[in-house]
Amino acid sequence: MVITSKANPLIKKISSLYDKKYRRLYGLYIVDGIKPVAECIAAGCEVETIICSESFLKRFGNVYIDASIVSDSVFSSISDEKTPQGVMALVKIQQNKMVKPTFNCLLLDGLQDPGNMGTIIRTANAAGYKEIYLIDCVDPYSPKSVRASMSGVFFTKIYTGNKQDVLSALQGVPLISADMDGEDIFQFTPPEKFCLCIGNEGNGISEEVKNLSSYTVKIPMEKTCESLNAGVSAGIAMYVIKSKQLNLK
């Protein structure tokens, strides 16, 4: 049966997931697009429902046997993509118990832009920082963050908690804060194990995290440049520190 009404309970549920409150309520987030859905399944994420449009079904056949089929107009109403590809999945949000990191990790402290969040998750996955701790951050499971992560959200462990719980889990792990008052990152020698801390786009690292940091590093810039985008800064820092560790071995 093809769903043709926007008042259908499933359609109303999907529409509600664009709101953080309902993502928390249902414990679900949206993955939209042919490649993201395939990668989500390949990564072993727990998928509750797959939704396909009639056009997708005509083009690719019954790829997802248990998928809910909706009309093209209904699919367009539940997708925020400019050109919907006709398939999306409702995926269960990770419920990771707050634990100490197994190796080098990230702490995002007050990050508020969903594009930056997704970009950092994407780069962390590429660079091998598989554990990401969040304090007072934008939702990493918002559609914009998920899209910007380019499937990185499927392959990293994300820990979200209050400041006390997160810092308790990181106790004993040297914190490296990215801050304009730090030492040149290209001259910096990192410890064997560490947590790289990236702060809020406008205010940087919070005082509490800064005070607990063992090291503070900066990315040198020309005088004509005031600052770098948080996602760009995080990417540079992740790779510079990783390359230095490899050179020490």
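## Helix α6

The expected span of a helix is 1.5 Å times one less than its number of residues. In this predicted model, helix α6 (residues 114–127) has 14 residues, and the distance from its first C-alpha to its last reaches 20 Å, close to the 20 Å expected at 1.5 Å a residue.

At the N-terminal end, α6 is capped by Asp 113, of which a side-chain oxygen lies 2.9 Å from the backbone nitrogen of Gly 115; just after the helix, Gly 128 takes a positive phi of about 90°. Because ten of the 14 residues of α6 are buried, the helix is largely enclosed by the rest of the structure. Among those buried residues are Pro 114, Gly 115, Asn 116 and Met 117, together with Ile 120, Thr 123, Ala 124 and Ala 127.

## Nonpolar cores

The largest nonpolar core has 47 residues, and those with the most contacts inside it are Tyr 29, Leu 108, Leu 196 and Met 238. Helix α11 (residues 230–248) gives the most to this core, with six residues. When neighbours within four places in sequence are left aside, Met 238 is in contact with Ile 120, Thr 123, Ala 124 and Ala 127, and also with Leu 106, Tyr 129 and Leu 196.

A second, separate core of 15 residues includes Tyr 159, Leu 175, Ile 205 and Val 209.

Ser 177 lies in strand β9 (residues 175–184), and it counts as buried because its relative accessibility is 0%, where the cut-off for buried is under 20%. Not counting residues up to four places away in sequence, Ser 177 touches Ile 205 and Val 209, as well as Cys 197, Lys 210, Ser 213, Tyr 215, Thr 216 and Val 217. Ser 177 and Cys 195, which are 18 residues apart in sequence, are 8.4 Å apart in space, C-alpha to C-alpha.

## Aromatic rings

A search of the whole structure finds eight aromatic pairs. One of them is the tilted pair of Phe 56 and Phe 60, with 4.9 Å centre to centre and 40° between the planes. Both residues lie in helix α4 (residues 54–60), four residues apart, about one turn of the helix. Phe 56 counts as buried at 4% relative accessibility, whereas Phe 60, at 36%, counts as partly exposed. Together with Tyr 64, Phe 56 and Phe 60 form one aromatic cluster.

Elsewhere, Lys 13 lies over the face of Tyr 26, at 5.0 Å from the ring centre.

Conventions. Residues are numbered from 1 along each chain as its sequence is written. This is a predicted model: local features need pLDDT of at least 70, side-chain atom pairs count only at pLDDT 80 or more; totals for chains, interfaces and linings use all residues. Side-chain values use heavy atoms; hydrogens and water are left out. A nonpolar core is a set of buried Ala, Val, Leu, Ile, Met, Phe, Trp, Tyr and Cys residues joined through side-chain atoms within 4.5 Å. Buried means under 20% relative accessible area, exposed over 50%, partly exposed in between (1.4 Å probe, protein chains only). Helices (H or I, at least four residues) and strands (E, at least two) are DSSP runs, numbered from the N terminus. Contact means heavy atoms within 4.5 Å. Rings of Phe, Tyr and Trp (its six-membered ring) pair if their centres lie within 6.5 Å; planes under 30 degrees apart count as stacked, over 60 as edge-to-face and the rest as tilted. A charge sits over a ring if NZ of Lys or CZ of Arg is within 6 Å of the ring centre and within 35 degrees of the ring normal. A polar contact is a pair of N or O atoms within 3.5 Å; within protein, one must be able to donate a hydrogen and the other to accept it, and residues adjacent in sequence count only if both atoms are side-chain atoms.
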